[in-house]
Amino acid sequence: MAVEQDLHTIRDYIRWGASRFSDAELYFGHGTDNAWDEATALVLQSLHLPWDIDKDSLSARLSMAERSVLVERIERRVNERIPVAYLTGQAYFCGLSFAVNEQVLVPRSPIAELIEQGFHPWLHEAPNRVLDLCTGSGCIGIACAYAFEWAEVDLSDISPAAVQMAEKNIARHQLQDRVRAVESDLFAGLKGERYDLIVSNPPYVNAEDLASMPDEYQQEPEIALGSGEDGLDFTRRLLNEAAEHLNDGGALLVEVGNSWPALEKAFPQLPFTWIEFERGGHGVFLLFKEQLVELS
């Protein structure tokens with residue numbers, strides 16, 4: 001008998017999905033860390049329901065069409081190791097919804113915590129111009145636009161497909177009046193532009209880690225993950241060019257994850273400030289323009 005004949009309610013599909021995910025020993029790293037939360041995310045997003053749905057509503061019976069969609073997505077999550085965000089076409093970052101597909105990373109950076117805090121205590125004044133470099137879906141830059149309601153924000157990426165997705169999310173959040181997406185290899189498409197804050201979650205995975213990543217991460221675009229043998233090919237270029245695109249007093253904040261020891265070894269002359277996070281995460285540094293000038 002088909003699964004759809006046995007399972008009827010929202011709660012049924014969350015419970016069944018969690019069981020399937022546990023049995024399959026999936027890897028959770030795209031917004032959840034356990035089978036139950038993963039199943040909840042898949043079911044509620046597939047049904048276009050909010051996270052804070054009333055518990056009584058979980059007993060609502062589903063149509064056969066809805067059940068079929070959930071069975072298909074749960075099975076694909078198990079058999080193909082596709083992240084939930086790619087199955088549902090959306091992900092959440094800083095409490096905001098973003099459209100995503102396989103051409104961009106699934107939003108998950110610990111930088112979200114800093115954005116929600118307005119980058120306190122690191123920024124003494126709200127930035128007027130912000131650049132989200134290697135933007136992907138645009139989630140970091142768009143979240144910054146919410147955090148700094150008067151700021152103009154540029155979202156840049158080398159990938160035309162990522163730029164299209166960022167533009168879609170700009171429109172989704174109705175921010176066209178002060179947020180734009182630009183196709184650019186590092187600063188090549190941003191000549192003459194200067195910013196008070198440059199934030200970047202660039203490719204930073206080293207070759208060894210890239211080869212051993214779980215199947216779920218292999219679904220993401222490699223161009224957004226790998227960056228040479230030590231993971232620092234892009235970051236080296238960024239550090240050498242960033243000062244030219246920062247206003248006086250401007251800040252550069254970059255995520256390099258597990259590549260942070262290699263970065264400190266490669267640039268012993270730079271006084272990196274490594275951010276500590278209450279909700280987990282590591283490998284995010286802060287530098288100011290004046291600390292970068294000697295590299296320019």
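Here are a few friendly notes on the fold, a pocket, the cysteines and some backbone details.

1. Before you start: this is a predicted model, in which local features need pLDDT of at least 70, side-chain atom pairs count only at pLDDT 80 or more, and totals for chains, interfaces and linings use all residues. Residues are numbered from 1 along each chain as its sequence is written, and side-chain values use heavy atoms, with hydrogens and water left out.

2. The sheet. Seven strands form an open sheet in the order S5-S4-S3-S6-S7-S9-S8, with mixed pairing. Its edge strands, S5 (179–183) and S8 (273–274), each pair on one side only. Helices (H or I, at least four residues) and strands (E, at least two) are DSSP runs numbered from the N terminus, and two strands pair if DSSP finds at least two bridges between them. Strands S3 (residues 129–133) and S4 (residues 152–157) run parallel, joined over 5 bridges. Here Leu 131 stands opposite Asp 154 in S4.

3. A helix on the sheet. Helix H7 (residues 139–147) lies across S3, S4, S5 and S6 (195–200), at about 175° to S4. Contact means heavy atoms within 4.5 Å; axes are lines fitted to C-alpha atoms, for helices over the stretch in contact, and angles run from 0 to 180 degrees between N-to-C directions.

4. The second largest pocket. It has about 210 Å³ of space, and its lining includes Trp 122, His 124, Asp 196, Asp 248 and Phe 288. Strand S7 (residues 246–255) gives the largest share of that lining, 3 residues. A pocket is an open set of points on a 1 Å grid over the protein atoms alone, where a 1.4 Å probe fits, with protein on both sides within 12 Å along at least five of seven lines; lining residues have an atom within 4 Å of a point. Grid points are joined across faces, edges and corners, and the volume is the space filled by probe spheres set on them.

5. Cysteines. There are 0 disulfides, a disulfide being a pair of cysteine sulfur atoms within 2.5 Å.

6. Backbone details to look at. His 120 and Pro 121 are joined by a cis peptide bond, with omega about 5°; Pro 121 sits in the loop between H6 (111–116) and S3. Arg 81, not a glycine, has a positive phi of about 60° and is found between H4 (64–79) and H5 (84–88). Gln 174, also not a glycine, has a positive phi of about 55°.
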